[in-house]
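This report concerns helix packing and charged side-chain pairs in a single protein model. Please consult the sequence and structure shown here alongside the text.

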Amino acid sequence: MAGWAQQWAETVAPIRSDLGYENSAEQLRRIAKTQLLKLTDIQRNPQRFFEAHRLLAQHATRLGPGFWIRFTVHYNLCFGSVVAVGDDSQIAQMEDFEKKGLLGCFALTEKLAGVNSGMIVQTVADWDDAAKEFVIDSPTEGSHKNWISQGLVADLALVVADLRVQGKSHGPHAFLVEFRRDGKVVPGIELGDMGVKTVGNDLDNAWIAFHKLRVPHSCLLRRYADVEPGNGGKYVSTAKGFTNMMMIGQRLFTGRVAVAQAALTFTRRLYDSTRSYSDSKVVWGPKGNASLTDIPQLNALFKHAEKKLESLNGFVGECEKRLSVHLANGTVAPLDLQDAIACAKIAASESCIDLCFRLKQDVGSFALMGGTGFGEMDFLQACKFAEGDSRILMQKLARDRLRAKKPVGSDGEQVLAKELQAIASQGQKAWDDNFEKVYDLAWTVVTRIVDELAPGTHLSLPAGLSKL
């Protein structure tokens, strides 16, 4: 692993973010062609998969979030989904994609549906039995795919659409479709740019509309479901206990671990580089000059951050270790691990936002200087809403806690849960009016789960998480 890590570090070190999104995409093509990280490593070598994400995140204070997101969309969301729900022949063709440097995007989220709606999609894929093709269509503007990273340059797209056979819906399914042919967007696909962002403008983000796009039967990723041609077509489930969306959801678990690691790595790098500056920055003192690091509030913050980052790294590392077993075995992570991974993503992103903001306030004018990393802090904002917005995950944790059949957690957690159970019975307005209690309960759940796996973390509620 050490030799591979060195090769990988040397490969990603020259990456630049000031060349525009097309050149940024070419950098990823070159990396893909090396096959240092294979598209199948997410299952066959998950340790290498996560290490690649961590090493790339070390450059985030220099590059911002753009390239890291481009990378994880390609390796995790797009082709990781092929590994999860494609059959053996579909997985085998990915080696040819690597050799050619073909890039993929992940077309799930829509203007009016997507991750925040519980994986509901309005894009449809109707089976045309006579032609032995699927017809992928965006029936309304609300069904246009939205914020699709790498959408303006991708060669292939993992499209999630509602599969319909003879007019009957069978729910969201994944299709790997040709996006570009001879360098041009395939007819039937319309693209638009989402516009300029605060950071990460080396990453293209697109909205995508499908206009009766015809794709062959082979585009359906069919490890767990298929359509048998003839007599109008017949939908068949090929594996009991598994669904396409259940396994695609696994990508959110790997993504949440990778996002948590990236947030922690970004924060560690920002603190290390700032500490290097503050150690050498001489300031006046009443009893002689001292270093900026010796200022009490800054010194205390450095110590606090070191302890918290170490604990959170341990917790996220335990989530990675446990998840990797399921990735290698092709099994679904159990519910307690799913909850722990959600907590890892929430705790890491929220804690890192809090730590970096506090550092920015205490280090003075250094935080205003270009190239210090503070200008790329919206990397953490991307971590907050990537792979399931932290607020949505917290609401789910709170609702799941209310459904618990037996008391768990501290007395305070149980009191909050009982109060919210009574509130929930009064309807949606009452629930919305008490949103602060919802997030307070969620944070107590996060705190409990983190402390169970990483004792001594002692998470505190970041400022503003529940209070306005």
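The following paragraphs treat model confidence, helix packing and salt bridges in turn.

The model is predicted, and the protein averages a pLDDT of 92, with 95% of the residues scoring at least 70. Residues 463–468 have a pLDDT below 50, and this stretch has 16 contacts in the model beyond near neighbours in sequence. Where pLDDT is low, the predicted coordinates should not be read in detail.

Helix α16 (residues 435–453) packs against helix α13 (residues 390–402) at an angle of about 85 degrees, with the axes 8 Å apart. The two helices are therefore roughly perpendicular to each other. On the α13 side, the contact involves Arg391, Met394, Gln395, Leu397, Ala398, Arg401 and Leu402. The α16 side includes Val438, Tyr439, Trp443 and Arg448. By class, the residues of this contact divide into eleven nonpolar, one polar and three charged.

Helix α10 (residues 296–329) also packs with α16, at an angle of about 80 degrees and with the axes 9 Å apart. This angle makes α10 roughly perpendicular to α16. Here Leu312, Phe315, Glu318 and Arg322 of α10 meet Ile449, Val450 and Leu453 of α16. The contact of α10 with α16 has five nonpolar, no polar and two charged residues.

Just after α12, glutamate 387 takes a positive phi of about 55 degrees.

The whole structure contains 30 salt bridges.

| Salt bridge | N to O distance |
|---|---|
| Arginine 54 and glutamate 320 | 2.6 Å |
| Glutamate 95 and lysine 99 | 4.0 Å |
| Glutamate 178 and arginine 181 | 3.0 Å |

Arginine 54 lies in helix α4 (residues 46–57) and glutamate 320 in α10, so this pair ties together parts that are 266 residues apart in sequence. Arginine 54 is partly exposed, at 22% relative accessible area, whereas glutamate 320 counts as buried at 9%.

Glutamate 95 and lysine 99 both belong to helix α8 (residues 94–100), four residues apart, or about one turn of the helix. An α-helix has 3.6 residues a turn, so residues three or four places apart point the same way. Glutamate 95 is partly exposed, with a relative accessible area of 40%, and lysine 99 is exposed at 52%.

In the remaining tabulated pair, glutamate 178 is partly exposed at 36% relative accessible area, and arginine 181 is partly exposed at 40%.

Finally, Arg401, Glu413, Arg448 and Glu452 are linked in a network of salt bridges. Arg401 and Arg448 also take part in the contact between α13 and α16.

Technical notes. Residues numbered from 1 in each chain as written. Heavy atoms only, no water. Axes fitted to C-alpha atoms, helices over the stretch in contact; angles between N-to-C directions. Parallel < 35°, antiparallel > 145°, perpendicular 65-115°, else oblique. Contact = heavy atoms within 4.5 Å. Nonpolar A, V, L, I, M, F, W, Y, C, P; charged D, E, K, R; others polar. pLDDT = per-residue confidence, 0-100. Salt bridge = Lys/Arg side-chain N within 4 Å of Asp/Glu carboxyl O. Buried < 20%, exposed > 50% of the residue type's maximum accessible area, 1.4 Å probe, protein only.
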